[in-house]
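Work through the exercises below with the structure open beside you. Each task is followed by a solution in steps.

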Amino acid sequence: MKIIEHFVNGKSFSGSSKKTSEVFNPATGEVSAKVNLASKKDVDDVVAIATKAFVTWSQVPPLQRARILFKFKELIEKNSDELTKIIVSEHGKVYDDARGSLTRGLEVVEFACGIPHLLKGEFTENVGTNVDSWSIRQPLGVCAGITPFNFPAMVPMWMFPLAIACGNTFILKPSEKDPSCPLRLAELLKEAGLPDGVFNVVNGDKESVDALLSNPNVSAISFVGSTPIAKYIYENAAKFEKRVQALGGAKNHCVVMPDADLDQAVAGLMGAAYGSAGERCMAQSVAVAVGNIADELVSKLTKEVNNLRIGPGLDKGVDMGPLVTAQHLEKVTSYIDLGVKEGAKLVVDGRKFKKPQGYEKGFYLGGCLFDHVKENMRIYKEEIFGPVLSVVRAKNFNEAVDLINRHEFGNGVSIFTRDGDSARTFSSHIKVGMVGINIPIPVPMAFHSFGGWKRSLFGDQHVHGMEGVRFYTKLKTITSRWPSGIKATSNFTMPTMN
Ligand code: NAD
């Protein structure tokens, strides 16, 4: 059996723990490897290594740091087929989708290559007579990232390229469900010339996360995952006096107005609801049909959901792969059972999907479509994280906006309309962090920042873009005067310009 280890100080590291966790190939349902889960001692050892590496890395000029990232970008491009196949083999998503997610991560590396410009401070001459003042951004120290299973390359790359570009060292604790891609990225960073100890990958479960939270030498924690764990990370990182950004779960709505181009809306919804088998934090899991278009929308969606091509992610022409694990498949299926019990109308029942020949043990589920979903139902309130789209009917625009604003999550939202007034009012009044207008998945580009509102993000700063630079640096403001020609006087009042 293949054993997946950690990557520490520029090489593979077994750690002292005997704990392991199984990694599956979701397409076949077979165990493909076992991953070592780090103990508290292992994590503390890695933090000590990253702390030591910080002393020299933080002093490397930003341009030299950027050059290593340029090389890393080239290596990702060169190895993108291999990296994509690793993602497919452990996550299950289809090849083109996996490749797209790698590209979105790569774009953050490209943004981080501009770090010399991004770290330029501000300078004011003569804030007082012969007194100058300037601000600089300095790295924090050892930063840690804890990431979910659904984007094993992209979500870690939201974090570490900028963190190390800013002069920090980094410890990544990826999901134990698909740890191989982050480890390969660590090898590529070393090949690109990153000094040992600057980027480390530690595999683990709650024990390793708790060890990162409580270690006083970890300065900042970036987390992406489910809301209960995001809240736990936020509270505990704050308790241990760390900077923290903790991105949580979602329930993303897509409002379809009566004047929308319905075919565009349906095409957008199909990709956004069923792409990556719905295992995306920006998946559209609720379609809000406004006014009299609901029946036509449901009828068009039904046809498309029935036509979804489902199979192993490496097969050509497949729209949707399996779910990540048997356990997750069971959870999603239990939500479909629940929706039926709650009284929603199950228009397309993905539970009946017949698994592809030769893949009978894979974690497949067909696309599911619910109509007449109501606000009080758990299938509406909770994140399912599978290929399940719920249609909620709203009488008018205001009812749709109020419904979304009452929801506990506020990650992403879209509106399909031809009316500029509705679109503008919507983007201004909706209490959601990322808004799409006739765009089904409004994931901001690397040079903007990604993050939700309400219980989809705990903390102050979103990831990547300038918010990312601010998160991974602390501001220092220096005020200076040179003594020549100045008479020495003591001043006991607050210094002012008067
Ligand atoms: P998860 O919360 O189960 O796990 C995320 C990370 O936390 C993993 O590394 C895991 O090992 C660790 N973890 C799990 N339980 C823990 C515990 N009790 N204590 C400490 N650490 C723990 O999430 P997941 O199932 O891997 O990913 C799916 C979730 O991630 C969904 O809710 C999805 O919406 C969310 N997500 C959010 C975003 C976003 O940008 N808001 C992006 C991607 C995924």
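**Exercise 1.** What volume does the second largest cavity have? Then describe its lining.

Solution. The model is a predicted one.
Step 1. The volume of the second largest cavity is about 50 Å³.
Step 2. Find the residues around this space. The second largest cavity is lined by Phe7, Gly10, Ala186, Leu189, Lys190, Leu194, Pro195, Asp196, Gly197 and Phe199.
Step 3. Look for the element that contributes most. This is helix α7, residues 180-191, which gives three residues to the lining of the second largest cavity.
Step 4. Sort the lining by class. In the second largest cavity there are six nonpolar, two polar and two charged residues.

**Exercise 2.** Explain why the largest pocket lies between domain 1 and domain 2.

Solution. 
Step 1. Begin with the space itself: the largest pocket holds about 1,000 Å³.
Step 2. Its lining is made up of 43 residues, with Pro148, Lys177, Gly225, Ser226 and Ile229 nearest the centre of the pocket.
Step 3. List the elements that give two or more residues to the lining of the largest pocket: α6 (154-165), α8 (206-214), β11 (218-224), α9 (227-239) and α12 (326-342). The largest share, five residues, belongs to α9.
Step 4. Compare the lining with the domain bounds. Domain 1 (3-248 + 456-478) and domain 2 (252-437) both give residues to the lining of the largest pocket, and therefore the pocket lies between them.
Step 5. Complete the description by class: the lining of the largest pocket has 19 nonpolar, 13 polar and eleven charged residues.

**Exercise 3.** Describe the second largest pocket by its volume and its lining.

Solution. 
Step 1. The volume of the second largest pocket is about 380 Å³.
Step 2. It is lined by 15 residues, and Thr129, Val131, Arg481, Pro495 and Thr496 are the closest to its centre.
Step 3. The classes in the lining of the second largest pocket are six nonpolar, seven polar and two charged residues.

Terms used: Residues are numbered from 1 along each chain as its sequence is written. This is a predicted model: local features need pLDDT of at least 70, side-chain atom pairs count only at pLDDT 80 or more; totals for chains, interfaces and linings use all residues. Side-chain values use heavy atoms; hydrogens and water are left out. On a 1 Å grid over the protein atoms alone, a cavity is a set of points where a 1.4 Å probe fits but cannot get out, and a pocket is an open set with protein on both sides within 12 Å along at least five of seven lines; lining residues have an atom within 4 Å of a point. Grid points are joined across faces, edges and corners, and a volume is the space filled by probe spheres set on the points. Helices (H or I, at least four residues) and strands (E, at least two) are DSSP runs, numbered from the N terminus. Ala, Val, Leu, Ile, Met, Phe, Trp, Tyr, Cys and Pro count as nonpolar, Asp, Glu, Lys and Arg as charged, and the others, Gly among them, as polar. Domain bounds come from an automatic or database domain assignment.
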